[in-house]
Number of protein chains: 2
Amino acid sequence: MKKYLEIYNNYKELILSNQLKFGDRMPSVRKAAASLEVSKTTIENAYFELQADGYIISTEKSGFFVCYSNSDSKGENKIVINNKDIKYDLKSGDADKGSFDISLWQRYIKSALRQEERFLSYGDVQGEADLREALSDYIREKRNVSASPDRIVVGAGVLPLLSILCSLISDNKTVSFPDESFVQGINLFRDYGNDVRIKDKNADIIYVSPSHMTSFGSVMPIKRRLELISHTKTTNALIIEDDFDSDFVYQSKPTPALYALSGGKNVVYMGSFSNVLIPGIRISFMVLTEELAREFEKNKLHFAQTASKTEQIALCGFIRDGHIKSQNRKIRRLYTEKTKEFCNELKSALPDADCSISDNGISIRLVTKFSKDLSVFENNTISVFIRSYENGVLKLIISPSSIPKESIKDAVNALKTAIS
Amino acid sequence: MKKYLEIYNNYKELILSNQLKFGDRMPSVRKAAASLEVSKTTIENAYFELQADGYIISTEKSGFFVCYSNSDSKGENKIVINNKDIKYDLKSGDADKGSFDISLWQRYIKSALRQEERFLSYGDVQGEADLREALSDYIREKRNVSASPDRIVVGAGVLPLLSILCSLISDNKTVSFPDESFVQGINLFRDYGNDVRIKDKNADIIYVSPSHMTSFGSVMPIKRRLELISHTKTTNALIIEDDFDSDFVYQSKPTPALYALSGGKNVVYMGSFSNVLIPGIRISFMVLTEELAREFEKNKLHFAQTASKTEQIALCGFIRDGHIKSQNRKIRRLYTEKTKEFCNELKSALPDADCSISDNGISIRLVTKFSKDLSVFENNTISVFIRSYENGVLKLIISPSSIPKESIKDAVNALKTAIS
């Protein structure tokens, strides 16, 4: 068995047997590495697994805490992680019902299905040619990302695209992620035989999400963007730029893409439409470097298209007719307005608490005094992302996107009740 | 560089520099391994790559041949592999326009999109719950495959599902494939650090496609199915049963699934709807063993759903209302009738040739004398799969599925002209 899995199993057992209890702080990565005589990466990998399986959570600066509560205990200490019947979901960042005109989308789907002959064959592995053309124009105009359609690859989400990327890049690379939150991506790179690290700027591959650097939605400043590019120019590292949530950045002016800043050298640019349209529609794309695009072309037979052909054709029309631009404006306005309103309501409901809106304008950080033990919210009303609880101070990240405007007051009150 | 890639590059250079010419036989795997002092697996891997990149083709019994013709040569010797403007496509097995009532499908898509609230959130990683329920009933009734919905995983094609499977199974396994034709699957398992072999019944994992064992569509006889199951019961190997094309098996009675024969132990069952519906709609599913289902549940956070939510919801209704059954009957009748008719036309057009229909009833094997060099068909009229050319005998596999009934005669004549 791999070393990190052994360590994972040991800690898991300690947690399940209640020797490590809910709220206990895990040893720091450095300490654990020293006492178990393994590398820090091994410990980090074990902690990722424990986190992925819901046994521990990481806090911003103070390390990892046990968040699993044994079923023998009174059950008061559970954090609601996934409860579909929850009334106010302040955690998932799901879409607002009013955010998307589904009947307009339906018209494009219908017109896509009318192109009957296109459905008789399998789709283009790379993505439908007309969609790739539309995407090429769209990202040039919107993000100054200039790439011909033959360098664009379409897929059903970022994960299948990263999987293609992993296959194109030979294994045994070091890959840096900004933190542990993108569990799926970290795991995928590891599955493909790469060595995943956290914030290692000497890695061969650097995954960044400049418009969504932390779960709180910090945006990478332009200075750091330029530093990163000049750094990778000397080290020849490959940057994977996941432009996730760039549509929402409103507080500052939209920051330029790394791809545009670097002239497209050494940068793979990734974008997605789940946020702009609606999460239930999954179409993502990536722009490969020239070298990787040649590799892709050579190895095309190894891959298959995952994105729905119908939805690709529909999206192509939707972009060409300019709807994506107005949709962009609409959701930015809607979500940032709601975030502001929610924040204002919070301030008047909890005057002693510290509320601030994230750079990208779609989440709120709430820092408040809280006397009880970490655990809350087993009341089937609210689910929320707990960032940390230390010394009587509770930090929460609130994503109000799915709360209808008219329910914001009620949601704030429910939150107040839960933490008062 | 990996050894097999070196060997791949050497052969590629020999082919590109015309030292190995179109139609030349490649050294046998055994001989090449001996002379280059590497394992047979290394040679096989190099040959897979050459095949995947279109430099060589494999023939049924006589090994590998160069099928790449240098652009310096007269260009007469090219086999048309992918030409979208081709008039009679006897290669791809694309669907017949009349095979699917797309307006009926459109109604289900429309009704799916009416369930607006379902699109506000990301889809279930495992697949929409109602679809998995419908699938569970469907495969129980149709293939005697009995599995609860929580053991079913949905994805956009077999490849993303195999990718999940690779991640659930630890690496360094030996994996057996029946031949080299499923390049994508072979490559995926290799990318995940497994050792791929051909027809190695002592492998840890055995991938089989019992209703489509060869490119000619041979069906695995019941005796061999039972042998395989009893063999894996002693070795404890995992069978991946890709039930591809089982819908078309008509000459014999439909043969039972390995999953059903084994009682679901040690078998992962995979099915797809691209054939029954239309290739442009990609929804596949797999039934995990109990053990793997537990692993999946534990690691759910590592994966993402690839299949379109809209199409999943539509398919659920389509199955529940019984349309999938009538669609099954319809395409089986349509394709087998066309295959018979095509075969009869061939027999009267080429009375000296040897024509036979595959077990699964959707392709025709044509063996005929042919005096010219291997190459044919650069006439923009026909594309066809060449199985082999040896000693003046040409073997072709013909898939007439995409040819409209009224064009069968013309397609046969075009084929006759090309090979006479």
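Modeller: Chain A and chain B bury about 4800 Å² between them, and 54% of it lies on carbon and sulfur atoms. Buried area here is the accessible area (1.4 Å probe) that two parts lose on being put together, summed over both. This is a predicted model: local features need pLDDT of at least 70, side-chain atom pairs count only at pLDDT 80 or more, and totals for chains, interfaces and linings use all residues. Residues are numbered from 1 along each chain as its sequence is written, chains are lettered from A and ligands numbered from 1 in the order in which they are written, and side-chain values use heavy atoms, with hydrogens and water left out.

Biologist: Which three residues supply 15% of the area that chain A buries against chain B?
Modeller: A:Leu120, A:Tyr122 and A:His302, more than any other three residues.

Biologist: How many residues does the contact take from each chain?
Modeller: It takes 52 from chain A and 52 from chain B. Contact means heavy atoms within 4.5 Å.

Biologist: How many salt bridges and polar contacts are there between the chains?
Modeller: Zero salt bridges. That term needs a side-chain nitrogen of Lys or Arg within 4 Å of a carboxyl oxygen of Asp or Glu. For polar contact, the count is 18 residue pairs, both residues at pLDDT 80 or more. A polar contact is a pair of N or O atoms within 3.5 Å; within protein, one must be able to donate a hydrogen and the other to accept it, and residues adjacent in sequence count only if both atoms are side-chain atoms.

Biologist: Which elements give two or more residues to the side of chain A that touches chain B?
Modeller: Helices H1 (3-16), H3 (40-52), H4 (102-113), H6 (158-168), H7 (183-191) and H11 (309-320) of chain A. H4(A) gives the largest share, six residues. Helices (H or I, at least four residues) and strands (E, at least two) are DSSP runs, numbered from the N terminus.

Biologist: Now the fold. How many helices and strands are in chain A?
Modeller: There are 13 helices and 14 strands. Of the 420 residues of chain A, 59% count as buried, meaning under 20% relative accessible area, with exposed over 50% and partly exposed in between (1.4 Å probe, protein chains only).

Biologist: Is A:Tyr8 buried or exposed?
Modeller: Buried, with a relative accessible area of 4%. A:Tyr8 sits in helix H1 of chain A.

Biologist: What covers strand S4 (residues 152-155) of chain A, and what does S4(A) pair with?
Modeller: Both faces are covered: A:Ile152 and A:Val154 on one side and A:Val153 and A:Gly155 on the other are all buried. Four bridges join S4(A) to strand S10 (residues 284-287) of chain A, running antiparallel. A:Val153 stands opposite A:Met286 in S10(A). Pairing requires at least two bridges found by DSSP.

Biologist: Where is the hairpin?
Modeller: S11(A) and S12(A) form it, with six residues between them, and A:Gly361 in the turn has a positive phi of about 80 degrees.
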